[in-house]
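These entries record what I looked up in the structure. I began with the surface and then turned to pockets.

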Amino acid sequence: MRIGQGFDVHALVEGRPLILAGIEIPHVCGPLGHSDGDVVLHAISDALLGALAEGDLGRHFPSSDASLKGIKSAVILEKVLGMMRSRGCSLASVDCTVVLEAPRLSPHQSAMHMHLAGLLGIREDRLGLKVTSTDGLGLVGRGEGIACMAVVLLDEA
Ligand code: MG
């Protein structure tokens, strides 16, 4: 077994689409970023790299690389999953927590869950997708940013 944890934060700005777990959520703000700023896919990709002892997401997909500008986070995740498979590992389970103040994600949570399980290639009962706020405290509470934490467990052949 291998375990990895990942964490990601993006600033929220007006006029950017809010993409979470690969799904666009209707909202006035979205993450500022080099890619589409999907904190869920970034945190999970970072956790996968951690489990593989391959450093962090910034090492493999540096924001200084102009060829990566506008890259979809689903493409980043697919590349990292490919690294995992080439190392003889498979994904046993994933748990993640999205931390944001607004909008409420409960109406979108089952669609996000289903879509994310598909992107990860795992059964839905092997994926945890939770949402919390910070009770109005800090950068998330002020609506300035959005964050996600993720843990992954890999089986190694
Ligand atoms: Mg990020």
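Entry 1, surface. I find a nonpolar surface patch of about 350 Å² made by Phe 7, Val 9, Leu 139 and Met 149. Patch residues have over 30% relative accessible area and no salt bridge, with nonpolar side chains joined within 5 Å; a salt bridge is a side-chain nitrogen of Lys or Arg within 4 Å of a carboxyl oxygen of Asp or Glu. Areas come from the Shrake-Rupley method with a 1.4 Å probe. I place Met 149 in strand S7 (residues 145-156), a DSSP run of E with at least two residues. Met 149 is partly exposed because its relative accessible area is 41%, between the limits of under 20% for buried and over 50% for exposed.

The model is predicted: local features need pLDDT of at least 70, side-chain atom pairs count only at pLDDT 80 or more, and totals for chains, interfaces and linings use all residues. Residues are numbered from 1 along each chain, and side-chain values use heavy atoms, without hydrogens and water.

I note about 250 Å³ of space in the largest pocket, an open set of points on a 1 Å grid with protein on both sides within 12 Å along at least five of seven lines. Its lining has 15 residues, those closest to the centre being His 10, Ser 35, His 42, Leu 57 and Phe 61; lining residues have an atom within 4 Å of a point. S1 gives the largest share of the lining, 3 residues.

I locate His 27 between strand S3 (23-25) and strand S4 (29-31). The C-alpha atoms of His 27 and Glu 14 are separated by 9.0 Å.

Methods
Patch = residues over 30% accessible without salt bridge, like charges linked within 9 Å, V, L, I, M, F, W, Y side chains within 5 Å. Helix = DSSP H or I, 4+ residues; strand = E, 2+ residues; numbered from the N terminus. Buried < 20%, exposed > 50% of the residue type's maximum accessible area, 1.4 Å probe, protein only. 1 Å grid on protein atoms, 1.4 Å probe; cavity = no way out; pocket = protein on both sides within 12 Å on 5 of 7 lines; lining within 4 Å. Points joined across faces, edges and corners; volume = space filled by probe spheres on them.
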